[in-house]
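Trainee: I have not looked at this model before. Can we go through it by question and answer?

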Amino acid sequence: MSKISSLADLRKKREELQAGMDIRIRALNPENIVQVKVAMATCGIASGSKTIMEFFLEQLDRRNIEGVVTQTGCMGYCYAEPTIEVKLPGQDPVVFGFVDLKRADQIIEKYIKTGELVDGIIPVNYQTIDLKE
Amino acid sequence: MSKYSMHLLVCGGTGCHAAESDAIVCNLRDELEAKGLNETVQVILTGCFGFCEKGPIVKVMPDNTFYVQVKPEDAQTIVEEHIIKGRKVTSLLYRDPKTKEPVADSKHMGFFKKQMRIALRNCGFINPENIDEYIARDGYAALGKVLSEMTPDEVIKLVKDSGQRGRGGAGFSTGLKWELARRNVSDEKYVVCNADEGDPGAFMDRSVLEGDPHSILEAMAICGYSIGASNGLIYIRAEYPLAIQRLKTAIKQAKEYGLLGNDIFGTGFNFDITLKYGAGAFVCGEETALIHSMEGLRGEPTLKPPFPAESGYRGKPTNVNNVETYASIPAIILKGAAWFSSIGTEKSKGTKVFALAGKINNVGLIEVPMGTTLREVIFEIGGGIRNGKKFKGVQTGGPSGGCLTEKHLDTPIDFDNLIAAGSMMGSGAMIVLDEDDCMVSMAKYFLEFTVEESCGKCAPCRIGNKRLHELLGQICEGKGVLSDLDRLKNMSLVIKDTALCGLGQTSPNPVLSMLDNFRDEFIAHITHKKCPAGQCRSLLEYIVNAENCVGCTACARVCPVNAISGMRKEIHKIDSAICIKCGACMEKCKFDAIYIS
């Protein structure tokens, strides 16, 4: 183990180490950052949602966007798999269907970066009850 | 760069550790490896989450899913359902005690909603055996800042301005304590961490040491720089083996990085920390007794002054602070005095950790801003009283504190309000009592503890507490007289005034506050020879309900003293004069024909 011999050293080390903790640190306040949920039920996985999840994990990082990518179960739009839900801070979540790598790229570049909507939006046609008061 | 997309945090505090959390970690790792997911999902053993009631805990990040009472064999389900299929395992989710509905993540749990974690900021979040995770969370940055950019006087001023008061119980200003130690000139000084946690029901210091040991090392080094000491000592009880092991690991890692030892951060400042083990005597939490114990002498207190700041360990100026006090220091340095003093009440700044125990739904460790009310702590965070029983009181401050009742529920908790209400902050243990608890026995229980733990040096504590305990024993046995109440009170006040150290001066507090708040219950024991809570054995009477008794003779056969008479198929009778109130008959009876009066 190399010694930490100055405050600058420590800061550099912290920068290096922080990436490994990002998942946990971001989870503390997920409402302030971009949240991407990838539907990963049988239908989703069969349609390639795993690749899409990996793409988001990798690309958000590479494009310096602070976000959490999580998986969820079936959203019910099996015809439109892979489906993802994107929630920008302070906004209602938006569901996108038929997400391939090209559309995933558009979602990052347009919707996540600028808020501009792209094709493939599935209008939310149901209400979810909240079990909490 | 880590490729992990998910972190599984498994609680490795003493409670969850005892409940096989190590096996959970192993099984999760095996399961992930078998499914080829060990590169995507990382399993981390952390410190205490505080929700000990429902341990072992597994928390999934980033979605904050909070699994409770996880068994090693659940590892497969978690991996297959949650990680592979993305479906939360409903059967393992925490259920709201009122609605019985599963709660999807920790953000929606009442237990966490009102908490604000400063001292516990890293507990249940980082791996305590990995210094890198502490550094990633700004660890040692406060020490770096202090050594490179601040003078000792500036540090002390900052700590003073933050308004932090000692979390060990007495509530003395931390900054002022440091200043006193700094002012005394000496060739050598010492920084001591008091980890001799002894209050019944308190486990916050252990949890901090187990969950975030580096924060204590860092804070001690900061204190060392401020007062001019290069040696630190942690006095910890030998019955905390896990905390000791994690501290040893932490010290070793900090030394390897050069964050302890010589020339820290290249500033020429040297600081080293060693561990001293205590044998678990309550009185050694008192700072002078603690110092004597570290010197190899009997763990007995001595009169102050001289304060340790003048003449402490080996006669040198010594600063003694409690674990929780140190744990907040790095945060105060980095975020500033104004930030810390903006939290809390006028005279008690910051947050306080409480250990919830007793008849409460969510037994565990919580941290709330000073000024939070007892009602919020007990009914919102603590989830209310077990089994729908009625709240009767809460003992704060352990055997040195007092009992607060219904009428204190809306009092904002801080150092001064608790004293005004006849109790004290103490270390922050809260023992919640319900309608089934007898307050006379409770007072007796706490005195039993003090009698046992009294070092015997001064007469008021050694003899006085023993006499108080005897009087309470007589009342519990129905042999008390009304004048005992005045004797209890007078003797308590004399002990408070004349005992040598904090232990003796506070030991009668439970008696006084129980007398104040539950005088009726004492009177019921004395004049009516009844224990309203049905706890004092000598005052119970086992009676056969003639309507239910079928004369099966089962009770008579099980009675160890032959107190039950009656022929087969006839109603039985219990002779109270012979009965030893063991309750065996009541347990044996299938017809609910025996009851307690």
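Trainee: In which sense do strand 5 and strand 6 of chain B pair, and over how many bridges?

Mentor: Keep in mind that this is a predicted model. One place to look is B:Ala195, which stands opposite B:Ile236 in strand 6 of chain B. Strand 6 covers residues 231–237, and its pairing with strand 5 of chain B is parallel, over six bridges.

Trainee: Over how many bridges does strand 5 of chain B pair with strand 9 of chain B?

Mentor: Two facing pairs can be named. B:Val192 stands opposite B:Val320 in strand 9 of chain B, and B:Asn194 has B:Asn322 as its bridge partner. Strand 9 (residues 318–322) of chain B and strand 5 of chain B pair in the parallel sense, and the number of bridges is five.

Trainee: Which strands of chain B are the edge strands of the sheet?

Mentor: The sheet is open and has five strands in the order 7-8-6-5-9 (chain B), with mixed pairing. From one strand to the next the twist averages 25 degrees. An edge strand pairs on one side only, and that holds for strand 7 (261–264) and strand 9 of chain B.

Trainee: How many of the six residues of strand 5 of chain B are buried?

Mentor: Take the two faces in turn. B:Tyr190, B:Val192 and B:Asn194 point one way, B:Val191, B:Cys193 and B:Ala195 point the other way, and all are buried. Strand 5 (residues 190–195) of chain B is therefore largely enclosed by the rest of the structure, the count of buried residues being six of the six.

Trainee: Is B:Arg386 buried, exposed or partly exposed?

Mentor: B:Arg386 lies in the loop between helix 15 (374–381) and strand 12 (391–396) of chain B. Leaving aside neighbours within four places in sequence, B:Arg386 is in contact with B:Lys359, B:Ile360 and B:Asn361. A residue is buried at 20 or more C-beta neighbours within 10 Å and exposed at 12 or fewer. B:Arg386 has 16 such neighbours inside 10 Å, so B:Arg386 counts as partly exposed.

Trainee: At what angle do helix 3 and helix 4 of chain A pack?

Mentor: A:Ile52, A:Phe55, A:Phe56 and A:Gln59 in helix 3 of chain A meet A:Leu101, A:Ala104 and A:Ile108 in helix 4 of chain A. By class, this contact has six nonpolar, one polar and no charged residues. Helix 3 of chain A passes helix 4 of chain A in a right-handed crossing. The axes of helix 3 (residues 49–62) and helix 4 (residues 101–114) of chain A are 10 Å apart, and the angle is about 35 degrees.

Key. Residues are numbered from 1 along each chain as its sequence is written. Chains are lettered from A and ligands numbered from 1 in the order in which they are written. This is a predicted model: local features need pLDDT of at least 70, side-chain atom pairs count only at pLDDT 80 or more; totals for chains, interfaces and linings use all residues. Axes are lines fitted to C-alpha atoms, for helices over the stretch in contact, and angles run from 0 to 180 degrees between N-to-C directions. Helices (H or I, at least four residues) and strands (E, at least two) are DSSP runs, numbered from the N terminus. A crossing is left-handed if the near helix is turned anticlockwise from the far one by less than a right angle, and right-handed if clockwise. Two residues are in contact if their C-beta atoms, placed from the backbone, lie within 7 Å. Ala, Val, Leu, Ile, Met, Phe, Trp, Tyr, Cys and Pro count as nonpolar, Asp, Glu, Lys and Arg as charged, and the others, Gly among them, as polar. Two strands pair if DSSP finds at least two bridges between them.
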